[in-house]
Amino acid sequence: MWFIGWKGPSGFSASSTAEQVTQGIDGTALTAIVTGASSGLGLETTRVLALRGVHVVMAVRNVESGNNVKETILKEIPSAKIDVMELDLSSMASVRKFAADFNSSGLPLNILINNAGVMATPFMLSQDHIELQFATNHLGHFLLTNLLIDTMKKTVRESNHEGRIVILSSEAHRFAYRQGIRFDMINDESGYNSYFAYGQSKLANILHANELARRLKEEGVEITVNSLHPGSIITNILRHHGYVNAFANMVGKYFLKNVQQGAATQCYVALHPQVKGISGEYFMDSNKADPTSLAKDSELAKKLWEFSLSLTNTK
């Protein structure tokens with residue numbers, strides 16, 4: 001039970017659920033991709049978007065698990081439009097294949113929700129030999145977004161409907177390494193701290209959103225890009241820390257949000273008319289919030305953009 005119910009300017013609060021913040025919204029003309037859609041926040045986001053009529057493409061590592069989730073949602077919402085596609089964000093080859101398959105499907109793309117993530121993992125390298133949290137939480141989504149952006153632009157032109165990119169960050173961005181992004185030491189195992197590395201990847205999420213928002217505004221493209229903190233939630237994201245995870249699940253029902261409340265902000269930013277035209281902002285509890293000064297550093301955002309381009313071999 002989440003006991004803080006103070007409403008912000010949007011009319012919603014930390015206790016608002018994803019169903020509540022999307023009540024009355026008709027999404028039947030929209031198509032969305034949700035990464036990490038087979039569990040936790042991604043599952044609830046998929047369910048609620050489908051409930052509002054959105055055609056949802058579930059981008060998941062485990063297709064069998066994704067199909068099981070799809071069948072469960074269809075039992076509750078027989079009219080739901082859901083597809084399942086394989087995506088492993090820790091593999092650039094997988095990201096490229098997913099994007100190529102989606103782009104060639106002929107489907108439109110109105111909403112991209114970069115939801116998936118890993119948290120506080122032991123030091124590991126991705127399939128592309130990049131520190132896993134940075135590779136999965138930021139770099140995979142950076143590449144995915146770049147590869148899908150032309151399809152989003154085409155959809156905006158043809159539908160005359162604003163596109164929205166939603167990037168999940170976290171208040172953990174406040175606890176990154178001192179310099180923010182360790183450009184020269186991304187793969188430095190000796191100085192690795194699992195929580196600071198998580199904070200670094202979440203800071204990168206905000207910087208990515210801000211720089212992409214700036215670029216799209218310059219182009220005059222009607223696609224908004226915003227980042228958000230979903231709240232402190234009971235999910236399986238802390239599975240690499242057994243004792244912490246067990247404690248969180250034991251006391252979390254009293255102090256943490258449930259998944260329905262946790263998915264609210266991303267559903268709000270993705271669908272609500274109050275967010276129309278708003279770009280380059282950071283949200284929390286379905287209201288605008290204020291990130292750190294590092295997260296608002298435009299030069300750091302530009303440097304990260306170029307660094308990410310070089311790591312993904314894109315232009």
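In the predicted model, Lys153 has a relative accessible area of 16% and is therefore buried. The side chain of Lys153 meets that of Glu219 in a salt bridge, with an N to O distance of 2.8 Å. This pair connects distant parts of the chain, Lys153 being placed in helix α5 and Glu219 in helix α6, 66 residues apart. Glu219, at 48% relative accessibility, counts as partly exposed. The count of salt bridges comes to 16.

Glu211 is paired with Arg214, and the closest N and O atoms are 2.6 Å apart. These two residues both belong to helix α6 and are three residues apart, about one turn of the helix. Glu211 has a relative accessible area of 2% and is buried, whereas Arg214, at 26%, counts as partly exposed. Arg214 also meets the side chain of Glu218 in a salt bridge of 2.9 Å, N to O. Glu218 and Arg214 are four residues apart in helix α6, so about one helical turn separates them. With a relative accessible area of 62%, Glu218 is exposed. Through shared partners, salt bridges join Glu211, Arg214, Arg215, Glu218 and Glu306 into one network.

The aromatic side chains were examined next. Seven aromatic pairs were found in a search of the whole structure. In one of them, the ring centres of Phe134 and Phe307 are 6.2 Å apart and the planes stand at 55°, so the pair is classed as tilted. Phe134 belongs to helix α5 (residues 132-159) and Phe307 to helix α10 (residues 298-312), and the pair thus links parts of the chain 173 residues apart. Phe134 counts as buried at 0% relative accessibility, and Phe307 counts as buried at 17%. Phe307 also pairs with Phe183: their ring centres are 5.1 Å apart and their planes are at 85°, so this pair is edge-to-face. Because Phe183 lies in the loop between β5 (163-168) and α6 (194-219) while Phe307 is in helix α10, the pair ties together parts that are 124 residues apart in sequence. Both Phe183 and Phe307 are buried. Elsewhere, Phe12, Tyr268 and Phe283 form one aromatic cluster. A charged side chain was also found over an aromatic ring: Arg182 lies over the face of Tyr177, 4.0 Å from the ring centre.

In soluble globular proteins, nonpolar side chains tend to be buried together. The largest nonpolar core in the model has 50 residues, of which Ile33, Phe98, Phe134 and Ile165 touch the most other members. Two or more residues each are given to this core by β2 (55-60), α4 (92-105), α5, β5, α6, β6 (223-229) and α10. Helix α5 gives the largest share, ten residues. Phe134, noted above for its pairing with Phe307, lies in helix α5.

Phe175, Tyr195 and Phe196 make a nonpolar surface patch of about 320 Å². Phe196 is placed in helix α6 and, at 37% relative accessibility, counts as partly exposed.

Backbone geometry was considered as well. Most residues other than glycine have a negative phi. Ala120 has a positive phi, near 50°, and His129 likewise has a positive phi, near 65°. Ala120 lies in the loop between β4 (111-114) and α5, and His129 also lies in the loop between β4 and α5.

Thr45 lies in helix α2 (residues 40-51) and, at 0% relative accessibility, counts as buried.

Note on methods:
Residues are numbered from 1 along each chain as its sequence is written. This is a predicted model: local features need pLDDT of at least 70, side-chain atom pairs count only at pLDDT 80 or more; totals for chains, interfaces and linings use all residues. Side-chain values use heavy atoms; hydrogens and water are left out. Rings of Phe, Tyr and Trp (its six-membered ring) pair if their centres lie within 6.5 Å; planes under 30 degrees apart count as stacked, over 60 as edge-to-face and the rest as tilted. Buried means under 20% relative accessible area, exposed over 50%, partly exposed in between (1.4 Å probe, protein chains only). A charge sits over a ring if NZ of Lys or CZ of Arg is within 6 Å of the ring centre and within 35 degrees of the ring normal. Patches are made of residues with over 30% relative accessible area and no salt bridge: like charges are joined within 9 Å, nonpolar side chains (Val, Leu, Ile, Met, Phe, Trp, Tyr) within 5 Å. Accessible areas come from the Shrake-Rupley method with a 1.4 Å probe; for residues, only the protein chains shown count as cover. A salt bridge is a side-chain nitrogen of Lys or Arg within 4 Å of a carboxyl oxygen of Asp or Glu. A nonpolar core is a set of buried Ala, Val, Leu, Ile, Met, Phe, Trp, Tyr and Cys residues joined through side-chain atoms within 4.5 Å.
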